[in-house]
Amino acid sequence: MLTLEAISKVYKVGAFGGRELTAVQEVSFAVGPGEVVSLIGESGSGKSTIGRMVLRLASVTKGRIVFDGTDVSRHTGARLKAYRKKVQGVFQDPFSSYNPIFKADRVLHMIRDSFFPGVSASQWRTKLEESLDAVRLDPGQVLGKYPHQLSGGQLQRLLIARALLLDIELLVADEIISMLDASTRIDVLNLLAELKERGLGILFITHDLSLGHYLSDRSVILRRGEVVEIGPTTEVFANPKHDYTKMLLASVPQLHRKWDMA
Ligand SMILES: Nc1ncnc2c1ncn2[C@@H]1O[C@H](COP(=O)(O)OP(=O)(O)OP(=O)(O)O)[C@@H](O)[C@H]1O
């Protein structure tokens with residue numbers, strides 16, 4: 001479904017854009033239908049830049065993003081809009097995705113305006129109910145409410161419902177549970193697992209190895225913009241080959257162990 005072929009991103013930085021920063025260097029991997037691929041790395045390793053390139057929110061400096069056999073990396077206009085019907089993203093901070101002066105479900109109605117202008121009110125209502133049902137939200141509890149009246153978990157689910165309105169094939173989930181409390185995290189992770197069962201491909205971006213492990217079929221370990229290790233998650237976690245992966249795994253806190261000051 002999605003294949004990244006040696007994609008690179010070079011940002012112009014410094015005064016007047018006089019310097020270049022290579023944030024992502026020749027990264028290649030694939031995400032298939034019903035597959036969860038974790039993209040794991042420390043802060044600044046280039047994870048979000050890759051997610052933003054996949055979502056076509058950042059331009060691709062070099063390489064190709066192939067989706068269902070077509071290079072989408074330079075799509076614009078109607079072709080980009082068609083791609084975005086299939087590929088959507090949800091990000092870390094659910095609160096920043098909402099305008100506090102509008103009701104939260106405005107994010108859903110905006111999808112109708114831009115993608116389904118011809119759909120009748122009753123057809124839209126059915127579609128809305130289906131997508132809220134898929135993320136296990138009760139319409140009565142969330143529709144007509146302002147963002148501050150909803151929890152972080154509800155807002156994050158609403159954003160996933162928004163993506164589902166479009167019959168997406170791939171979801172880019174960029175640190176979507178980092179800001180949620182522990183019990184809501186498991187809820188959202190379980191929801192992603194259900195969506196995976198229905199055939200949705202998920203690119204799960206995280207700096208947290210334990211979260212990366214929970215859901216994913218394959219893991220891509222990123223360091224300073226380059227892939228250092230890639231493979232089935234169980235193998236990468238049980239038998240890490242690269243020193244950087246070993247270091248990341250060693251730094252995961254162990255619940256049964258106390259912090260050793262020595
Ligand atoms: N718009 C931008 N302009 C210039 N440099 C950028 C831009 N966005 C990101 N960078 C730089 O690119 C590198 C990779 O950043 P990116 O946000 O992709 O990393 P990340 O792994 O997602 O980090 P985090 O987990 O902290 O979000 C960093 O050095 C960052 O400073």
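Strand 9 and strand 10 (residues 226–232) run antiparallel to each other and pair over six bridges. Strands and helices here are DSSP runs numbered from the N terminus, with at least two residues (E) for a strand and at least four (H or I) for a helix, and two strands count as paired if DSSP finds at least two bridges between them. Before we go on, keep in mind that this is a predicted model: local features need pLDDT of at least 70, side-chain atom pairs count only at pLDDT 80 or more, and totals for chains, interfaces and linings use all residues. Residues are numbered from 1 along each chain, as its sequence is written.

Back to our pair. Strand 9 and strand 10 make a hairpin with two residues between them, and Arg224 in the turn has a positive phi of about 45°. Across from Val227 in strand 10 you'll find Leu222.

Now look at the other partner of strand 9. With strand 3 (residues 36–40), strand 9 pairs in the parallel sense, over four bridges. Here Leu39 has Val220 of strand 9 as its bridge partner. Why is strand 9 largely enclosed by the rest of the structure? Because five of the six residues of strand 9 (residues 218–223) are buried; buried means that 20 or more other C-beta atoms, placed from the backbone, lie within 10 Å of a residue's own, while exposed means 12 or fewer and partly exposed is in between.

Leaving aside neighbours within four places in sequence, Leu39 is in contact (C-beta atoms, placed from the backbone, within 7 Å) with Lys47, Ile50, Leu203, Phe204, Ile205, Val220 and Leu222. Leu39 is also among the residues with the most contacts inside the largest nonpolar core, along with Ala161, Leu171, Ala173 and Leu203. That core has 60 residues; a nonpolar core is a set of buried Ala, Val, Leu, Ile, Met, Phe, Trp, Tyr and Cys residues joined through C-beta atoms within 7 Å. Helix 6 (residues 152–164) gives the most to this core, with seven residues.

Next stop, the ligand. Of the 13 residues around the ligand, those that come nearest are Tyr11, Ala23, Ser43, Ser48 and Thr49; a residue is near if its C-beta atom, placed from the backbone, lies within 6 Å. Strand 1 (2–13), strand 2 (19–31) and helix 1 (47–54) each supply at least two residues of this shell, and helix 1 gives the most, with three.

Finally, visit Asn99, in the loop between strand 6 (87–90) and helix 3 (106–115). Asn99 is exposed, because 12 other C-beta atoms lie within 10 Å.

Methods. Two residues are in contact if their C-beta atoms, placed from the backbone, lie within 7 Å.
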